[in-house]
Amino acid sequence: MSVAAEISHTGALGERRPDLPALTGLRIIAALLVFMSHVVYPMTSGNQNPATPYSDDGITQTLVWLFYPGGYIGVSFFFILSGFVITWSWRPGGRTTSFWRRRAVKILPNHVVTWGLAMLLFAASFTPLWGLPNLFLVNSFSPDPNLWGGANMPAWSLSSELLFYLLFPFLIIPIAKIRENRLWLSAALVVVAMAAVCVATLTLLPDSPRYPGEALALTQFWFVYMFPPARLFEFVLGMVLARIVISGRWPRIGVAPVIALLVAAYAATLWVPEPYSISLVTAIPFGLAIGTYAAANLRGRRTFMGSRVMVWLGTVSFAFYMTQAVVLYWLREAVLGDTEYGPVGGTLLILGLIAVNVVAAWLLHKLVEAPAMRHWSRSKKAPPPQEAPRTPVPAASSAE
């Protein structure tokens with residue numbers, strides 16, 4: 001039986017489809033990549049000479065080189081996955097305001113709580129404008145580097161996510177009209193657009209000022225990495241990939257080759273210069289991984305990423321992402337001071353910080369995220385909305 005025949009039961013765009021637990025499990029891997037990029041050199045705007053896990057500068061520099069790209073590509077993975085999952089769960093008939101309400105409740109309670117903790121515990125002393133740009137998630141729209149890392153620093157990416165959510169009800173209309181036999185071409189064109197953003201960054205934006213040793217000027221880095229409209233193509237790529245899987249046109253690709261491709265792509269980011277290494281190098285491997293794991297779930301195949309432990313970790317991954325600043329930039333120093341350790345001690349410290357952050361994430365998810373979704377994601381006066389904005393649903397044309 002062909003893959004298309006096996007997964008064609010997912011139906012047309014807008015129909016109810018099964019959950020994809022492997023994609024939930026993948027989320028924690030991306031969150032860990034971001035965490036590792038910060039834990040090996042936990043620098044903040046208020047501390048330019050942080051205590052690192054290791055007393056050996058050689059180990060620190062090696063790990064910074066190894067994990068530094070992880071922060072970039074982890075965020076890129078979340079953006080692509082977000083477009084895929086929202087399109088996957090999209091159904092007609094719901095109100096646009098209901099869709100926006102549900103997405104806002106998903107991210108804003110965690111954000112407000114972690115913002116408040118960060119400001120109270122460590123960030124108020126160096127965060128300009130009282131941290132309000134970060135609180136209202138507009139700091140990523142500013143090219144001023146003083147605002148990028150304000151308050152709860154990882155929250156900058158939520159500026160992009162909010163933009164994606166606001167635009168989704170309008171983006172789904174043209175994407176739903178793409179003929180099925182042109183979906184792969186459309187995905188390729190989105191990747192080309194991502195490449196064009198990189199080229200524009202290098203050719204149209206000023207190449208100074210820049211921090212010593214950095215490949216990109218401050219304005220270039222802001223545009224290609226933090227400016228939400230420039231990140232929109234990753235979200236759109238995820239939307240198109242979801243349509244490919246829904247249409248039954250995803251080819252049979254083994255999980256093992258996809259994992260090998262992901263490892264190769266990560267290795268490439270260590271050598272490919274910015275801005276291409278920020279999201280472009282991994283866009284295709286990430287897209288293939290998301291689609292392949294989704295297709296594997298639809299065929300009933302069990303994967304490690306869909307195991308109970310990985311799904312649980314993926315469920316708390318957003319909270320894990322949001323609590324890391326408090327754990328790394330305040331708790332570590334509050335408990336251990338500036339002490340640095342040898343190879344064994346430094347490694348144990350990193351593992352301990354991961355464990356502490358998992359516990360913090362579980363608490364945030366249990367006490368804030370889950371109750372907020374349960375009580376506020378739907379109107380008390382209206383029937384439960386579907387996870388979709390109300391938009392016209394053009395019938396997706398069949399393949400010619």
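Student: Does Leu132 count as buried, partly exposed or exposed?

Tutor: The model is a predicted one, and every value here is computed from it. Leu132 lies in helix α5, which covers residues 132-135. A residue is buried under 20% relative accessible area and exposed over 50%. Because the relative accessibility of Leu132 is 36%, it counts as partly exposed.

Student: About how much accessible area does the nonpolar surface patch with Leu132 have together?

Tutor: The patch on the surface is formed by Leu129, Trp130, Leu132, Phe136, Val138 and Phe141. Taken together, these residues have an accessible area of about 650 Å².

Student: Turning to the whole chain, how many helices and how many strands does it have, and what is its radius of gyration?

Tutor: The chain has 15 helices and 0 strands. For 400 residues the globule rule gives 21 Å, and the value for the chain is close to that, so the chain is as compact as a globular protein of that length; its radius of gyration is 21 Å.

Student: What share of the contacts with a separation of 6 or more is between residues 24 or more positions apart?

Tutor: As background, buried residues make up 52% of the 400 residues in the chain, and its C-alpha atoms fill a box of roughly 65 × 50 × 45 Å along the principal axes. Among the contacts with a separation of 6 or more, the share from residues 24 or more positions apart is 82%.

Student: How many of the 19 residues of α12 are buried?

Tutor: Helix α12 runs over residues 280-298, and at 1.5 Å a residue it should span 27 Å, which agrees with the 28 Å between its end C-alpha atoms. Just after α12, Gly300 takes a positive phi of about 85°. The helix is largely enclosed by the rest of the structure, because the number of its 19 residues that are buried is 16.

Student: Which residues is Glu369 in contact with, leaving aside its neighbours within four places in sequence?

Tutor: Glu369 has its place in helix α15, residues 343-376, and at 1% relative accessibility Glu369 counts as buried. Leaving those sequence neighbours aside, the residues in contact with Glu369 are Lys106, Asn110, Thr315, Phe318, Ala319 and Leu364.

Definitions and conventions: Residues numbered from 1 in each chain as written. Predicted model: local features only at pLDDT ≥ 70, side-chain atom pairs only at ≥ 80, totals over all residues. Heavy atoms only, no water. Patch = residues over 30% accessible without salt bridge, like charges linked within 9 Å, V, L, I, M, F, W, Y side chains within 5 Å. Areas by Shrake-Rupley, 256 points an atom, 1.4 Å probe, with all protein chains shown as cover. Salt bridge = Lys/Arg side-chain N within 4 Å of Asp/Glu carboxyl O. Helix = DSSP H or I, 4+ residues; strand = E, 2+ residues; numbered from the N terminus. Buried < 20%, exposed > 50% of the residue type's maximum accessible area, 1.4 Å probe, protein only. Rg over C-alpha atoms; globule rule 2.2 N^0.38 Å. Contact = heavy atoms within 4.5 Å. Expected span 1.5 Å × (residues − 1).
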